[in-house]
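Please look over the model shown here before reading on.

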Amino acid sequence: MSDEAAAPAMPRIGDAAPAFTAVTTQGMINFPADYEGKWVILFSHPADFTPVCTSEFMTFATMQDEFLAYNTELVGLSVDGLYSHIAWLRTIKEKIRFRDMENVEVTFPLIEDITMNVARKYGMIMPGEATTKAVRAVFFIDPKGIIRTIIYYPLSVGRNFDELLRVVKALQTADAFEVALPADWRPGERVIVPTAGSCGVAKDRMEGAVEGIECEDWFFCTRPISAEEVEATIRKG
Ligand code: BEZ
């Protein structure tokens with residue numbers, strides 16, 4: 001059997017998040033069942049005691065309350081063992097400064113995955129990049145346990161955390177208002193009114209249908225939603 005044939009199928013957007021139980025720095029977790037009703041960012045990092053991962057963990061931990069405000073929990077994973085995780089997180093808190101962050105305590109769970117069972121299930125091991133480490137994968141999982149977005153970064157590039165938070169807000173806004181979000185959308189900018197099924201609907205009929213709607217053509221209609229309305233709808237904390 002070729003390597004490719006032996007590789008497990010990678011989860012895709014729209015799939016149920018593969019289930020697992022695991023030991024973490026915060027105790028056992030039963031994933032995704034323990035997170036029912038919440039959004040989760042499940043992310044992998046290549047290795048403890050490495051600098052890019054350290055900068056990412058400090059940033060995730062510093063932004064944790066902002067993610068929680070959008071009902072979004074963080075769960076990390078690497079193929080290191082529990083005692084390595086604990087020692088690394090203690091070192092981060094006691095010794096590391098990065099930008100304006102110091103004394104940073106990581107309180108979200110970090111999964112130990114020395115068997116690589118979870119990393120393999122989620123397609124986090126990419127042999128062309130590394131066979132013994134996970135790449136920087138980010139899975140956005142919704143309150144029903146469905147994978148809604150997947151982003152991968154290589155070992156050498158740290159994640160963009162503004163983008164991770166933007167994706168959380170965008171997914172929740174898309175769901176709440178039944179709209180789509182254009183390139184680089186941020187709360188307060190116009191949203192796309194889906195035109196699925198409206199092929200052939202005249203531009204002026206679309207324009208009459210929703211308040212504030214503007215159409216460039218039958219397939220490209222937008223409407224305003226204020227930042228206040230977005231935040232009032234999706235922000236929970
Ligand atoms: C890092 O996080 O710094 C890192 C980890 C694995 C390979 C290269 C860099």
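The paragraphs below describe the fold, the packing and a pocket.

This is a predicted model, in which local features need pLDDT of at least 70 and side-chain atom pairs count only at pLDDT 80 or more, while totals for chains, interfaces and linings use all residues. Residues are numbered from 1 along each chain as its sequence is written, and side-chain values use heavy atoms, with hydrogens and water left out.

The protein chain holds 7 helices and 10 strands; these are DSSP runs numbered from the N terminus, with helices being H or I of at least four residues and strands E of at least two. Along its principal axes the C-alpha trace spans about 65 × 50 × 30 Å. Domain 1 covers 3–159 and domain 2 covers 178–234, with bounds that come from an automatic or database domain assignment. Their centres, taken over C-alpha atoms, are 34 Å apart.

Of the 237 residues in the protein chain, 46% are buried (under 20% relative accessible area, with exposed over 50% and partly exposed in between; 1.4 Å probe, protein chains only). Among contacts (heavy atoms within 4.5 Å) between residues at least 6 apart in sequence, 66% join residues at least 24 apart.

A nonpolar core is a set of buried Ala, Val, Leu, Ile, Met, Phe, Trp, Tyr and Cys residues joined through side-chain atoms within 4.5 Å. The largest one has 39 residues, of which I41, F57, F60, F67, F108, F140 and L164 touch the most other members. Two or more residues come from each of β3 (39–44), α2 (51–69), α3 (82–95), β6 (136–141), β7 (147–153), α5 and α7 (227–234). This core draws at least three residues from each of domain 1 and domain 2. Leaving aside residues up to four places away in sequence, F57 touches F43, H45, W88, L89, I92, V106, F108 and L110. A second, separate core of 23 residues includes F20, I29, Y35 and V75.

Helix α5 (residues 161–177) contains R166. R166 is buried, with a relative accessible area of 17%. Beyond residues up to four places away in sequence, R166 touches P182, D184, W185 and R186.

What lines the second largest pocket? The residues are T25, Q26, I86, L89, R90, K93, E94, E105 and V106. A pocket is an open set of points on a 1 Å grid over the protein atoms alone, where a 1.4 Å probe fits, with protein on both sides within 12 Å along at least five of seven lines; lining residues have an atom within 4 Å of a point. The volume of the second largest pocket is about 180 Å³.

Definitions and conventions. Points joined across faces, edges and corners; volume = space filled by probe spheres on them.
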